[in-house]
Amino acid sequence: MFVDSHCHLSFPELKANLPQIRADMAQAGVGAALCISTRKDEIAEVVALAETEAAWWASAGVHPDTEDEPEISEAELLQWAAHPKVVAIGETGLDYYRLNGRTVADMAWQRERFRVHIRASQASGLPLIIHTRSASEDTLALLHEAAATGPAPRGVFHCFTETREVARAALDLGFLISFSGIVTFRNAEELREVARMVPLDRCLIETDSPYLAPVPFRGKTNTPALVPHVAAELAKQKGLSVEAIAEATSHNFEQLFGVQLPIGGAAA
């Protein structure tokens, strides 16, 4: 069984077609999914989605690249963290890719938002879903800052697109690395090098759907049913069977998020 560790089923492209998505997941052997929150007013919807399936779970958080989004407090995050279907804080992190004339110094609001999520993760014990784009140095610095003053942050760097050096730094902090359909793209050889380097017991797979559909579906709407294509590429890079990747990443998902997959998955 495969697990999609990061998808956006609440986004319009997917939520209008959930019956077909469920059927496609079942046919593809994708037995579980983590539904990710990106906005404060989306959390309730994401949690409600997770409640519709035994093996769907939810995260609670506000994406870094949403400047106009109302801020969420640590207390609010902790309220959501107490919900049995919420197994992670995020997605959170830093994104300096579109500065639009601003400087990195101007992004102090984003760094403070990240700190709020880190504190909620430390207080709740739930792992972080880390988004970092063109901001890896500051992302790592804030995680080190938090580790110096409280419990060491833990979680996963999702949809990883950074260098081997950043991957090594994340691993050294105790984080997992999640690979998306990008690892199948023709121009992603550096990412495939990272995939070969990251230990199997520190890997997750995801779609980040509805975006980043893997080859041969690139450019189309992505769904959790396509996560086996990510597993197949990871298997190719590591010289392992797809079954071995499915088993390992499902087990890693259980361990990180503290859940038990249905019979037929890693918990069988």
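**Note on the predicted model: helix packing, cores and backbone**

1. H4 and H5 are oblique to each other, therefore neither parallel nor perpendicular by the angle classes used. This is a predicted model. The axes of helix H4 (residues 74–81) and helix H5 (residues 108–124) cross at roughly 45°. They come within 9 Å. The crossing of H4 past H5 is right-handed.

2. Which residues meet where H4 packs on H5? H4 brings Glu-74, Leu-77, Leu-78 and Ala-81. H5 brings Val-116, His-117, Arg-119, Ala-120, Ala-123 and Ser-124. By class, this contact has six nonpolar, two polar and two charged residues.

3. Helix H7 (residues 164–172) packs with helix H8 (residues 189–197) at an angle of about 30°. Their axes are 9 Å apart. Angles under 35 degrees count as roughly parallel, so H7 is roughly parallel to H8. The crossing of H7 and H8 is right-handed.

4. The contact of H7 with H8 draws on Arg-164, Ala-167, Arg-168 and Leu-171 from H7. From H8 come Glu-193, Val-194 and Met-197. By class, there are four nonpolar and three charged residues, and no polar ones.

5. Now the interior. In soluble globular proteins, nonpolar side chains tend to be buried together. Here the largest nonpolar core has 70 residues. Leu-9, Trp-56, Leu-143, Phe-157 and Phe-179 have the most contacts inside it. A second, separate core has 17 residues, including Ile-36, Ala-88, Ile-129 and Val-156.

6. Residues up to four places away in sequence are not counted here. Phe-157 then touches Ile-130, Thr-132, Thr-139, Leu-140 and Leu-143, among others. Its contacts also include Ala-170, Phe-175, Leu-176, Ile-177 and Ser-178.

7. Is Thr-139 buried or exposed? Thr-139 has a relative accessible area of 0%, so it is buried. Thr-139 lies in helix H6 (residues 136–147). Leaving aside neighbours within four places in sequence, Thr-139 is in contact with Leu-94, Phe-114, Ile-130, Thr-132 and Phe-157. Thr-139 and Ala-44 are 95 residues apart in sequence. Their C-alpha atoms are 27 Å apart in space.

8. Thr-52 sits in the loop between helix H3 (43–50) and strand S3 (56–60). Thr-52 has 44% relative accessibility, so it counts as partly exposed. Thr-52 and Leu-226 are 174 residues apart along the chain. Their C-alpha atoms are separated by 21 Å.

9. Next, the backbone. Most residues other than glycine have a negative phi, and most peptide bonds are trans. Where are the cis peptide bonds to check? One joins Gly-90 and Glu-91, with omega about 20°. Glu-91 is in strand S4 (residues 86–95). Another runs from Val-215 to Pro-216, with omega near 15°. Pro-216 is in the loop between strand S8 (203–205) and helix H9 (227–238).

10. Positive phi values also call for a check. Asn-100 has phi near 50°, a positive value in a residue other than glycine. Asn-100 lies in the loop between S4 and H5. At 68% relative accessibility, Asn-100 counts as exposed. Leu-212, also not a glycine, has a positive phi near 60°. Leu-212 lies in the loop between S8 and H9. At 28% relative accessibility, Leu-212 counts as partly exposed.

How values were computed: Residues numbered from 1 in each chain as written. Predicted model: local features only at pLDDT ≥ 70, side-chain atom pairs only at ≥ 80, totals over all residues. Heavy atoms only, no water. Axes fitted to C-alpha atoms, helices over the stretch in contact; angles between N-to-C directions. Helix = DSSP H or I, 4+ residues; strand = E, 2+ residues; numbered from the N terminus. Parallel < 35°, antiparallel > 145°, perpendicular 65-115°, else oblique. Left-handed = near helix turned anticlockwise from the far one by under 90°. Contact = heavy atoms within 4.5 Å. Nonpolar A, V, L, I, M, F, W, Y, C, P; charged D, E, K, R; others polar. Core = buried A, V, L, I, M, F, W, Y, C linked by side-chain atoms within 4.5 Å. Buried < 20%, exposed > 50% of the residue type's maximum accessible area, 1.4 Å probe, protein only.
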